[in-house]
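Q: I'm new to this one. Could you take me through the spot where the ligand sits, slowly and in plain words?

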Amino acid sequence: MPAILFVCLGNICRSPLAEAALRAEAERTGLDVLVDSAGTGDWHVDCPPDPRAVRQAMRHGIDISTYRGRQVSAADFHRFAHVFALDGENLKNLRRIRPADGTAKLALLMDMVPGCEGRGVTDPYYGDEAGFAQTWDDVTRAARAIVAELSSIRG
Ligand code: 4NP
């Protein structure tokens, strides 16, 4: 089963929404995939997602209130086949955390979406509710692209 990890800064806004979007898309298409999310920072370890992220997922019928924050670790580069950074800053930090013998492929999430290569998912934490809708839009497009790619690999 492919294992995929999404990583942002706090693990309370963007990466939990990416996790939710991929879980939903995988379920919809009948794809078996292991999905998780984490943060490069440790401020929100064991915390539920931001209430605005919980509301955004709820608008799409997905309950993420039981998710809990955790910090990414070197071991994640052995546990997961793909580690997706939500933006360039987190990608840079992940390159530092990645152990020399880590097997995971590390990439920027929006590189999966044609036309969005090199673009980060904007951090909605300091903005308003509309930012979370934009985050949902981005991570949903990426989740669809990931599922399409995994499905094509599996034939
Ligand atoms: P996230 O957003 O990386 O999308 O979860 C943030 C959440 C919290 C903080 C920064 C970004 N913070 O500084 O606490």
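A: Here is a walk around the ligand and the residues beside it. First, the ground rules: this is a predicted model, where local features need pLDDT of at least 70 and side-chain atom pairs count only at pLDDT 80 or more, while totals for chains, interfaces and linings use all residues. Residues are numbered from 1 along each chain as its sequence is written, and side-chain values use heavy atoms, with hydrogens and water left out.

Now to the shell itself. Around the ligand you'll find Cys8, Leu9, Gly10, Asn11, Ile12, Cys13 and Arg14, along with His44, Asp123, Tyr125 and Tyr126; a residue is near the ligand if one of its heavy atoms lies within 4 Å of it. Sort that shell by type and you get 6 nonpolar, 3 polar and 2 charged residues. In that sorting, Ala, Val, Leu, Ile, Met, Phe, Trp, Tyr, Cys and Pro are nonpolar, Asp, Glu, Lys and Arg are charged, and the others, Gly among them, are polar.

Next come the polar contacts, meaning pairs of N or O atoms within 3.5 Å. His44 has a polar side-chain atom 2.8 Å from an oxygen atom of the ligand. For Asp123, a side-chain N or O atom is 3.1 Å from a ligand oxygen, and for Tyr126 a polar side-chain atom lies 3.4 Å from an oxygen atom of the ligand. As for cover, the ligand taken alone exposes 350 Å², and the protein buries 93% of that; these accessible areas come from the Shrake-Rupley method with a 1.4 Å probe.

Terms used: Polar contact = N/O pair within 3.5 Å; in protein donor to acceptor, adjacent residues only side chain to side chain.
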